[in-house]
Every structure is written in C-alpha cells, then in structure tokens.
Amino acid sequence: MEPLIQVRGISKSFSQGRVLKNISMDIRQGEILAVIGPSGSGKSTFIRCLNGLEQVDGGSVVIDGIKVDKTASVAGKVGMVFQQFNLFPHYTVLENIVRPCRTVKKMPKQEAETLALSLLKKVKLSEKADQYPALLSGGQQQRLAIARALSMNPDIMLFDEPTSSLDPELAYEVFDTIQSIAEENMTIILVTHQMHMVKQFARRVVFLENGSVGFDGTFQELLDSPDVRIRQFLKKIYA
Ligand code: ADP
Ligand code: MG
C-alpha cells in the first residue's frame, strides 16, 4: 500500500533564512511518529506544512494521493492540536464542537450534538458540556481541543507540543487521551519534548536539527545513537 503521507524534498524559508532543508519521509497509515529536536529546529513549521498551514517553497507533500498546497486541499483529512488550545471562549464546551460541525461539515443540529456528546464522553468531559472553556483546567481544555479536532473525522492527527503548557498531572491526562486515539489506528504525528511520552508511545522518532532530519528510527536506536548532537540533545531533555 502507498504510504499515507509522502514528503518529498520539502524546503521552506522565512525572511531570516531556510527553516526546512530538503526533508523527505514516508509515513504509513496507522503510524505513530514523534518529532523531537531543539527549539527553532523547524518542528512546528514541518507539521504545519503537512496540513497546508504553511506552504512549501520546494518539494511536495502528498496525503492519500492529494498534493497539499493549502489547508483546503486536506480539509477534514488532517486534524491539528496546538500548545495553546485555541478554543472559542464565548461558546460552551458542547458548542465548541457543534458549531464547527455545523459550519464546516454542514451537519444537521441533532447529528452534530450527538457526535459532540459522544466525543465529550471519549475525552471524559461529558459533565462539562454546558460550561465555558475558561472554567476548565488546562488539561480539560486541551482534551476539548482534541475532541473538536476529532469531530472533523480526520485520518491524521498532528499534535504540536500539546502538553507543554500543562502541569505534569494534567499533561498525563492529555497524553492518556492521545494514547486512546492511537489505539484506534489513527495516524499520529506528535511534536513533544516529553521523552517519557515518546518512549511509551511512538514506534518511530524523528529528530529535527536545524531544518534537517538528523535521525529517523526507533526510540531504542535513538538512545543508542553514537551521534554527538543527538547525545547532547538527549542529555539536556532526558537525563
Ligand atoms: P520549532 O517548532 O522546532 O521550535 P519552528 O518551526 O517554530 O521551530 O521555527 C523554526 C524557525 O522558523 C525559527 O527560527 C522561527 O523563528 C522561524 N519561523 C517560524 N515561523 C515563522 C514565521 N511565520 N515567520 C517567520 N519566521 C518563522
Ligand atoms: Mg514549535
């Protein structure tokens, strides 16, 4: 079977210089991939290129046979969750899911509400349906953001440091939710600094350094790598 995501020699520059340098990789359906690397190495830019939030200068990203050029080209296929939860503060928890289902997916009200309630149950927020996001903990807000992304029925979920702004306990709840999604054969790309999550969760780890892939392999291979730059990075974040 063709890989679900085909990244072919992508490059991306901003005014201050090249941020992605000729990155290529295949990601298969159901694969759970972690992307790690120093701050500024291009992790966010890379995954934003996968859903068309950033457009590549060279090379191509093809998802399920469709070339990604702007977000519309993969709308619905790729869900994304950010470090900042990006919820609608003036909508209730339930409406945060129902509204996009109505506007983006043109779902009938009843169907949208049924879906929203089942997703809230999945992320363990059923009893918060009528509250406003500001009253939720950071971990609950992030789980709502995950439920909202799932309501679009994506084939791929991108997580950009989803637990970085959370206390460890709340981070764990969110991680737990991500793990339950992984068990449903979702294709997941997770950018994180939290190495215990990478270890528990990802079968494959990509280390980005300065816009290039410095490593692509298993967690154990990463730990065993003789590469000095990888060893230095791991020493800092995985003591
Ligand atoms: P990471 O997620 O690994 O910390 P990023 O992909 O966010 O790295 O950023 C890589 C580099 O690209 C950084 O130097 C950052 O300042 C720059 N960058 C990212 N987004 C933009 C943008 N929209 N405009 C200009 N520079 C950007
Ligand atoms: Mg980033």
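Which helices are included in what covers the buried residues of helix 2? This note takes up that point and several others in turn.

1. Basis of the model. The structure is a predicted model, in which local features need pLDDT of at least 70, side-chain atom pairs count only at pLDDT 80 or more, and totals for chains, interfaces and linings use all residues. Residues are numbered from 1 along each chain as its sequence is written, chains are lettered from A and ligands numbered from 1 in the order in which they are written, and side-chain values use heavy atoms, with hydrogens and water left out.

2. Cover of helix 2. The cover over the buried residues of helix 2 includes helix 3 (109–122) and helix 4 (138–150). Helices (H or I, at least four residues) and strands (E, at least two) are DSSP runs, numbered from the N terminus. The buried residues in helix 2 are Val 93, Leu 94, Asn 96, Ile 97, Val 98, Pro 100 and Cys 101. Here buried means under 20% relative accessible area, exposed over 50%, and partly exposed in between (1.4 Å probe, protein chains only).

3. Asn 96. This residue belongs to helix 2 (residues 93–103), and Asn 96 is buried because its relative accessible area is 0%. Its side chain reaches the backbone nitrogen of Phe 88 at 2.8 Å, and a polar atom of the Asn 96 side chain lies 3.1 Å from the backbone oxygen of Tyr 91. A polar contact is a pair of N or O atoms within 3.5 Å; within protein, one must be able to donate a hydrogen and the other to accept it, and residues adjacent in sequence count only if both atoms are side-chain atoms. Apart from neighbours within four places in sequence, Asn 96 is in contact with Leu 87, Phe 88, Tyr 91, Pro 133, Leu 144 and Arg 148, where contact means heavy atoms within 4.5 Å.

4. Arg 143. Helix 4 also holds Arg 143, which counts as buried because its relative accessibility is 7%. The Arg 143 side chain has a polar atom 3.0 Å from the backbone oxygen of Val 123, and a polar atom of that side chain lies 3.1 Å from the backbone oxygen of Lys 124. Leaving aside neighbours within four places in sequence, Arg 143 is in contact with Val 123, Lys 124, Leu 125, Glu 173, Val 174 and Thr 177. Arg 143 and Glu 173 are 30 residues apart in sequence, and their C-alpha atoms are 8.4 Å apart in space.

5. The residues around ligand 1 are Phe 14, Gln 16, Val 19, Pro 38, Ser 39, Gly 40, Ser 41, Gly 42, Lys 43, Ser 44 and Thr 45; a residue is near a molecule if one of its heavy atoms lies within 4 Å of it. By class, this shell has 3 nonpolar, 7 polar and 1 charged residues. In this scheme, Ala, Val, Leu, Ile, Met, Phe, Trp, Tyr, Cys and Pro count as nonpolar, Asp, Glu, Lys and Arg as charged, and the others, Gly among them, as polar. Helix 1 (residues 43–50) gives the largest share of the shell, 3 residues.

6. Polar pairs at ligand 1. A nitrogen atom of ligand 1 lies 3.3 Å from a polar side-chain atom of Gln 16. A backbone N or O atom of Gly 40 is 2.7 Å from an oxygen atom of ligand 1, and an N or O atom in the side chain of Lys 43 is 2.8 Å from an oxygen atom of ligand 1. Taken alone, ligand 1 exposes 550 Å², of which the protein buries 60%; accessible areas come from the Shrake-Rupley method with a 1.4 Å probe, and for residues only the protein chains shown count as cover.

7. Helix 1. This helix is mostly covered, with 6 of its 8 residues buried. They are Lys 43, Thr 45, Phe 46, Ile 47, Cys 49 and Leu 50. Just after helix 1, Gly 52 takes a positive phi of about 80°.

8. Most residues other than glycine have a negative phi. Asn 86, in the loop between strand 6 and helix 2, has a positive phi near 55°. Asn 185, in the loop between helix 5 (168–182) and strand 8 (187–191), has a positive phi near 70°.
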